Amino acid sequence: MSVYILPALVIILLVVCIIKRVKVYDCFLEGTKDSLGLIKSIFPYIASIFVCIELFKASGLSSIVSGWLSKPLSYIGIPSEITEIILLVPLSGNGTIALLESIIAEYGVDSYPARCAAVISGATETIFYISAVYFSACKVRKLRYAIPVAIFCTLLGTVVACALCRIM
Amino acid sequence: MNIAFTALTLISIVLLTFTSPATAFPTMLQGVMNAITLAVKLAAIYAVWLSVLKMMQATELDKKLSKLLRPLIKRLFKKESDETYGWISINLAANMLGMGGVATPAGINAMRSMAAEGQTVASPNMILLLIINATSIQLIPATVIAMRATAGSADASSIFLPTLISTAVSTLSGIILCKAFALSDTKKDKDFYVNGGSCNKKRHINAISCKVKPSFMSRKRK
């Protein structure tokens, strides 16, 4: 059913465009032009974050840090198998999906850690990526309490997710 | 951001120099390569979605959508321009439906329209929008369910409810914390005015940037 939603919405939009005599072709020309401008302004942010993520993973730092964190995190109900995914979630969406795949392969898709990892990948966002990209068009650089609050709330959601996976 | 970036990069490179010095440079290049691949993909996604957004603006459907979400958004984001409300409502609606391709450009435009000229410190409303986005308000985790189904799960969509509750918890707590911080911000401003110059420099800058913004916005609205 859900596969029909997007095409249907576009069809409705096109019909409304015809009724209101909007120049659809011109809209597409402008939209495409804007997209290149947008990419030009967000590319530096994506590139620097990706360099950082690659180094973080390749150096083994991510597994070292997740080793340190697994003990304290297990006290709040987060299984040690998924510490690394929690570390990667705020940084990289693709990295999270790759890691989720390896956790599913290692522990079985319906195992407790794999279900926790699946819920966490579905319920979280790439905090650092978003905060870099969203502010790419204006000069705001001091985000004050934004990132700590986002990380704290994500962690809270993660704890809830792991608890829910245990009972549901 | 600068501190976090420098620290992470430095520690990683130092570690790499000890473990496998030859891979340090290729790893960084790989990062940029990944960024280019993503940028090309995003350019395609944005080209289509921005065109759709242009059509929505031309037909004024975006205004109808923002009117629908207006009561909620006006309560969350106070004292912003109509343009900002429009972008925020597109951003939130797209997010809920899992259309990241529309959500990001709308979010970027919302941030730009909220920023006053020369503003370098984020206002409470900007932080709130960022946190709502960063705590994920997606309703259907389609990718993850598809992955579980491919891996042969007995009940692939069983994660739907836990995901929904978990996102709701993180987003709601984010909004509450944000509002609490914003409240203490206005108290800070009052303190600042009562105590005069006895505040430290950093708070001084914050207070000014927060105070300056609304007047800019109201001028823009006229």
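Predicted model: local features only at pLDDT ≥ 70, side-chain atom pairs only at ≥ 80, totals over all residues.
Residues are numbered from 1 along each chain as its sequence is written, and chains are lettered from A in the order in which they are written.

**Exercise 1.** Find how many residues of chain A are in contact with chain B, and which helix gives the largest share.

Solution. Two residues are in contact if their C-beta atoms, placed from the backbone, lie within 7 Å; by this rule, 73 residues of chain A are in contact with 75 residues of chain B. Helices are DSSP runs (H or I, at least four residues) numbered from the N terminus, and helix 2 of chain A gives the largest share of the side that touches chain B, 23 residues.

**Exercise 2.** Describe how helix 2 of chain A and helix 1 of chain B cross.

Solution. Begin with the axes, lines fitted to C-alpha atoms over the stretch in contact, with angles from 0 to 180 degrees between N-to-C directions: they come within 9 Å and cross at roughly 40°. Angles under 35 degrees count as roughly parallel, over 145 as roughly antiparallel, 65 to 115 as roughly perpendicular and the rest as oblique; helix 2 of chain A and helix 1 of chain B are therefore oblique to each other. Lastly, the residues that make this contact include Cys52(A) and Leu55(A) of helix 2 of chain A, and Leu8(B) and Ile13(B) of helix 1 of chain B.

Conventions. Helix = DSSP H or I, 4+ residues; strand = E, 2+ residues; numbered from the N terminus.
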